[in-house]
Amino acid sequence: MSTAVPIVLAGARGHGRWHLENIRRLQDKGIVRLAGICELTPLTGDELPEGIGAPEQSADFGALLDSTGARIAVICTPIPTHTDLALTAARRGVHLLLEKPPAPSYAEFRRMADGVAEAGVACQIGFQSLGSHAVPAIRTLMAEGAIGEILGIGGAGAWARPETYYRRAPWAGRRRLNGVDVIDGALTNPLAHAVATALALGGTTRAEDVTAVETELLRANDIESDDTSCVRVTGPHGPQVVVAATLCAEDPDEPYVVVHGEHGRITFWYKQDRVLLQRANHGPEEYEYGRTDLLENLVDHLTDGTDLLVPPDATGAFMKVVEAIRLAPDPAPLPDGTWHLLPDEQRRVVPGIDGLVAAAADALALYSELGAPWALRARTKEVST
């Protein structure tokens with residue numbers, strides 16, 4: 001009898017293709033078996049990775065979970081659908097890997113997390129960077145005083161997205177759609193890992209670890225949501241966290257998180273699992289780490305009780321940031337003349353933004369504090385828990 005865990009994937013196109021390939025990789029190892037795919041339009045043979053088999057396909061998620069006997073559901077669907085789909089699975093006793101951001105509002109997040117807890121199923125939130133072995137290694141360096149007292153943590157993401165990125169789906173670049181929260185901004189979706197990783201390094205992971213969130217949300221693109229933004233998170237215990245992001249970079253580069261200490265700094269390029277330790281009276285030291293796949297970790301949790309790496313509670317602080325962004329005024333359009341279109345790439349660029357993003361992470365300062373002429377003064381959201 002096969003011990004491979006049967007899985008249903010909801011949302012197999014777009015980012016879901018990454019999950020398809022990852023499931024195939026784990027299927028090749030005999031760990032899981034793709035039993036079903038939930039898509040509004042079934043995948044064609046060409047869209048299925050070679051060797052994945054012939055999973056059952058249906059647009060009815062609940063019926064598919066029933067007919068396949070799935071033990072795990074991987075949910076990679078539009079943000080506003082996450083909570084209802086997660087609860088559909090939880091009510092059937094099906095465990096979850098839920099793509100980030102887990103929900104578009106704190107209320108929806110609580111509804112999901114409470115429902116999952118009540119059903120007694122395991123839920124892993126898909127912040128892949130938190131599976132990096134660099135995260136506990138950096139936290140150990142911090143705790144051992146490798147860079148002295150911790151002064152704060154910065155995050156920087158200077159990425160580029162063409163105008164077509166915002167036309168790929170009806171919810172892309174939206175704050176709301178048909179009266180429902182979406183909150184698809186630079187910090188809440190594409191560069192959400194920068195926020196979640198910075199918070200995790202500082203030990204600010206639960207909702208109650210956050211007391212205030214300051215937001216500066218702007219946009220160069222003709223969208224509702226922000227494409228150039230920064231945020232400062234403060235709490236009662238952990239160090240302050242400032243994360244700056246843009247999807248309008250001049251020269252897109254690897255995003256990173258930097259821990260500032262009295263006697264040095266630790267820089268973590270989280271997509272590469274690469275760490276640079278710089279400290280007084282030492283040469284720079286560079287390390288590369290492995291990472292644990294979050295789906296594999298979930299299977300291990302179910303089969304031998306391994307601790308989950310990213311349970312919903314560990315993303316409560318991140319969701320407080322999402323909530324502050326949701327409640328902030330709509331992002332302000334950048335004034336004419338502060339951005340231009342690159343015709344070859346059909347993407348909008350904000351000159352000087354790469355340096356500003358890096359400076360924000362470096363100085364733990366918001367764009368307005370760095371003197372960006374177009375920046376708006378931060379709006380602070382006091383967080384009640």
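## A buried threonine

Thr-197 is buried, its relative accessible area being 0%, where buried means under 20% relative accessible area, exposed over 50% and partly exposed in between, with a 1.4 Å probe and protein chains only. The model is a predicted one, in which local features need pLDDT of at least 70 and side-chain atom pairs count only at pLDDT 80 or more, while totals for chains, interfaces and linings use all residues. Residues are numbered from 1 along each chain as its sequence is written, and side-chain values use heavy atoms, with hydrogens and water left out.

Thr-197 belongs to helix 6, which covers residues 192–201; helices (H or I, at least four residues) and strands (E, at least two) are DSSP runs, numbered from the N terminus. When neighbours within four places in sequence are left aside, Thr-197 is in contact with Ser-129, Leu-130, Val-257, Phe-268 and Tyr-270, contact meaning heavy atoms within 4.5 Å.

## Helix 2 and its buried face

In helix 2, the buried residues are Phe-61, Gly-62, Leu-64, Leu-65 and Thr-68. Seen down the axis of helix 2, these residues fall within an arc of 165 degrees, so they line one face of the helix; the arc is that of the directions from the helix axis to the C-beta atoms. As background, an α-helix has 3.6 residues a turn, so residues three or four places apart point the same way.

Among the elements that cover the buried residues of helix 2 are strand 1 (5–10), strand 2 (32–38) and helix 3. At the start of helix 2, a side-chain oxygen of Asp-60 comes to within 3.3 Å of the backbone nitrogen of Gly-62, and after the helix comes Gly-69, with a positive phi near 65 degrees.

## Helix 3, a mostly covered helix

Helix 3 (residues 82–91) is mostly covered, since eight of its ten residues are buried, including His-82, Leu-85, Leu-87 and Ala-90. The buried residues of helix 3 pack against helix 2 (61–68), strand 4 (72–75), strand 5 (95–98) and helix 4 (106–119). Helix 3 is followed by Gly-93, whose phi is also positive, near 75 degrees.

## Cysteines without a bond

The structure holds zero disulfides, a disulfide being a pair of cysteine sulfur atoms within 2.5 Å. The sulfur of Cys-230 has its closest cysteine sulfur in Cys-248, 14 Å away, which is too far for a bond. Cys-230 counts as buried, at 0% relative accessibility, and Cys-248 likewise counts as buried at 0%.

Notes:
Polar contact = N/O pair within 3.5 Å; in protein donor to acceptor, adjacent residues only side chain to side chain.
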